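Reader: Hi! I'd like to talk through this complex with you. Could you show it to me before we start?

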Amino acid sequence: MSCAAGEPCEEGGRRRRALAVLGLMGAIFIVLSLASFLGSRGQVVPASVSYAGFDAVQGKRVFQAYNCMGCHTIVGNGAYFAPDLTKLYGRVGPAWLEAFLPSAGSWPTSTAVALQLRDAATAGEAGTASIDTYLKKYPAAAERVERRGGHTTLMPNLPLSRNEVRELIAFLKYSSTMNTEGWPPTPRAAGLALAKAATLPAAQAATVAAATTTAPASAAQRGADLAQSTGCMACHSKGGERLVGPGWGGLYGSDVAFADGSSARADDAYLTQSIVDPDARVVKDYVPHVMPAYAGVLDTAQVADIVAYIRSLQGGQP
Amino acid sequence: MIRIEYQTQRLSLRFFLLMLVLFLFQTAFGLLLTGQHIDPTLLAGTLNFNVVRAEHTNLGILWVLSGFIGAILFVGPLLSKRELAAPGLIRLLFYALLAVVLWNVATQVLAEQGIAGWWLGQPLLQEGLEYLEAGRIVDVVILVGFAILCHVVWRSFPPISQWNEIHWGLGIGVLALTLVWIFGMFFVERIDLQEYFRWYVVHYWVEGVWEVIHISLVGFLLVLMFRADVKSVGFAVFWGISLVWLSGLLGNAHHYFWVGTPEFWQFWGSLFSALEPLPLIFCFWHLYLDAHQDGAPLANMPAFAFLLGSVVLEQVGAGILGFTMTFALTNVWSHGTWVTLSHAHLALFGTFGMLGIATAYYAIPLMRGVGQFDQRPGRLAFWLVFTGMLGLCFAFAIGGTVQVYVYRTLGLDWFGGEVAPAMLFAKLLVPVFGLVFTIGAGLLVYDLLTLGLRAPAPAVARPVAATGWGGRLSGWETGLWLLAMWVFGAVITLGLLSFNLRTVQDGSMLFPYLMAGIGYPGLLLTTLLFVARFLRSLAARDPVAAADQAVGVAASLAR
């Protein structure tokens, strides 16, 4: 089976020569590797990137903790089940991500993105506080808002905290500024303008159009439309189940326990306050700063319509 | 039939059985993934896709490792001509592996809550990196397990001066298995540096270590099955390993094209990883030569069928499909799409999974003392998993081509609205072939678990005509089959290259779809027919000489 003691093995000499060549290959590999991570190359490092005061390195920990790579890809590596995230920040901008990540089960509407721009830090990172300018600056955000806004996504809601959301955005900001040698390739074809690609979006546009043509009759009906277009339904279900926020079915008139130990009846006044200034009283088991304040986004009549809609859902599913 | 001479060989049995059970679970998770691909809301919020996928990839690695350990323990005493060192440690290794499996399956679910168990900057419970999802606790246990394996192999083998090429392959293989693992045990802040080291583990395991263990084990199984000359097999093992390392060391660069590392890797990666199929062609050719060095019939057809499957799918999945996407100009399109899935499934299950199953089919009857066993379930199971896997590969490749076109060429990035609906046909094909595969997997696991324990069925010898399709397979004919596979591989490569054409970039899918439509089915059908032809020609051999051959193997081992 083996070379007997003292008897030279047939491959002995070849083995030494092969090892020498292998050593040469190893040396080339090590030199190339060292050259890859020289500071003079100017590759961005996460320690130098922050977003609204949050750290990209911490964001990478969040990215790994939720195993984002298990569905998405980053620099093309991962699971091919969901889009590549490498350049996402540069394309959709921070406000869209701020609106999307806390309630990933639903595509943000224009109002939801505009709401995030009211935050000075977000607006500063985005370079504008105006939604119109924002959507011009980030066409991929405009495309998402126009075509997908208000619809459900295929991503599950994740229990991301407010800080985790911003850390993740810091990480995505880092990845999108990385030099990836031209990958992913920039498409030359205007995808959506091609006849081959137009079938599905057109069909969806028709459904959306059909839904908006009927004039709202009652306050509750107006509230329902408003809740849809504003993006409330991204976090609140019409039934009783909790998505990101509490379900609206059966909420009206129920007793609400707060984090500070007090409680209240969910009436018009309470619901109005919860929409306009949600952090005034935080409900038990909920995290503050997740729900944005809608003061100045919705006027008094609109808030009243939404409250009327919630009232109409008293018996659960209408 | 050879007898079990060394009692410590029997320690391999538990690793083979564990391998089979994990294989079934991995297949079940894979089937669930196909369901989630078709309906992404399936179990969303309960068992999210990323968790199921982590279980699928991790179990895939763990059962292959379990099979490797079983195979090494089984051949170890034969190579050493003495009992294995430290059987107590081997028993400990088994329970450690079992604990790692259960712990890891449980901790992956924590990703849904974003819990990684950070402690001193390290994720203790799970770390959310593809293939390396296991947390640091498991990493350390695995490292200890590898160290035990190293200790057992090195202590059992004869002194280094008496090593032949198979000793060298396995000895260096298990050592490198341990050392390379260490590079995956750190949290790295930078994406580029993290990917750089992650591929140390993934690439160097697969193409540096597993491949070396694969070459050595295939070589030794050929010695056992065909009385092949140890010296000549040793020659093949030497060249196989040399070529694997000379091409694979710098070939790793094909993972460094787009991860934030400099452009020069595109040159080195394209050049050296294009050479990576060379050792596989070498291994393929030697399998042919060794199987034909005498006309003796095969005593154990299922074992050889899986061994042949392993070497052929290594050629097709790792060699040819790997080659098609190894150039920077093709990889820029295939990277991050389903196209790579076809390569990964065929290469990983084909090369390493089938080797573990082949060894189990060889070793389990010997350890259970079954001389003649009913080989029909094993043969049927082989055909089911083999065609199932080729079909899966076809579905992934076609789905991937569509994905490249829609996602990269047209730039449509709405997965729910555009990309997934465009891939729907392929996504529906996956569970179809997945079911075929699952039935085969279930059959072979049942067959191997109960082999020798259930009442033996009477062996029905079906005579196969040794002419035409069953006639002797000549070297020329084998060469032509191999050439045909590579021609289709070239068509696939041109298809991927055609994404660079101006006309395709302007929105015409004609070239890439046409080339993929010819290349993939052509390659996979050629593979299927070649294996059918090969096995048929072996089945047609004269059964009378079977007994002589077994005696001969025992004699060659005693030499």
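Predicted model: local features only at pLDDT ≥ 70, side-chain atom pairs only at ≥ 80, totals over all residues.

**The core and its surroundings**

Author: Happy to. In this model the largest nonpolar core has 268 residues, and those with the most contacts inside it are A:Val113, B:Val218, B:Leu221, B:Leu308 and B:Ala358. A nonpolar core here is a set of buried Ala, Val, Leu, Ile, Met, Phe, Trp, Tyr and Cys residues joined through C-beta atoms within 7 Å. A residue is buried if 20 or more other C-beta atoms lie within 10 Å of its own, exposed if 12 or fewer, and partly exposed in between, with C-beta atoms placed from the backbone.

Reader: Thanks! Which helix gives the most to that core?

Author: H6(B) does, with 21 residues. Helices (H or I, at least four residues) and strands (E, at least two) are DSSP runs, numbered from the N terminus.

Reader: And why does the core lie between the two domains of chain A?

Author: Because domain 1 (46-177) and domain 2 (216-312) of chain A both give residues to the core. The domain bounds come from an automatic or database domain assignment.

Reader: How far apart are the C-alpha centres of those domains, and how many residues are in contact?

Author: The centres lie 25 Å apart. In contact are 13 residues of domain 1 and 14 residues of domain 2, where contact asks for C-beta atoms, placed from the backbone, within 7 Å. Helix H4 (residues 110-117) of chain A gives the most to the domain 1 side, with three residues.

Reader: Switching to the chains: how many residues are in contact there?

Author: 75 residues of chain A are in contact with 78 residues of chain B. On the chain A side, H1(A) gives the most, with 12 residues. By class, that side has 46 nonpolar, 17 polar and 12 charged residues. Ala, Val, Leu, Ile, Met, Phe, Trp, Tyr, Cys and Pro count as nonpolar, Asp, Glu, Lys and Arg as charged, and the others, Gly among them, as polar.

Reader: What ipTM does the predictor give the complex, and what is the mean pLDDT of chain B?

Author: The complex gets an ipTM of 0.93 and a pTM of 0.90. Chain B has a mean pLDDT of 92, with 95% of its residues at 70 or more; pLDDT is the predictor's confidence in each residue, from 0 to 100. Over residues 544-551 of chain B, though, the pLDDT is below 50.

Reader: Good to know. Back to B:Val218, what does B:Val218 touch?

Author: Leaving out residues up to four places away in sequence, B:Val218 touches B:Cys283, B:Leu287, B:Leu307, B:Val311 and B:Leu355. B:Cys283 and B:Leu287 are among the buried residues of H9(B). The buried residues of H9(B) pack against several helices of chain B, including helix H6 (191-226) and helix H10 (301-324).

Technical notes
Residues numbered from 1 in each chain as written. Chains lettered and ligands numbered in written order. Contact = placed C-beta atoms within 7 Å.
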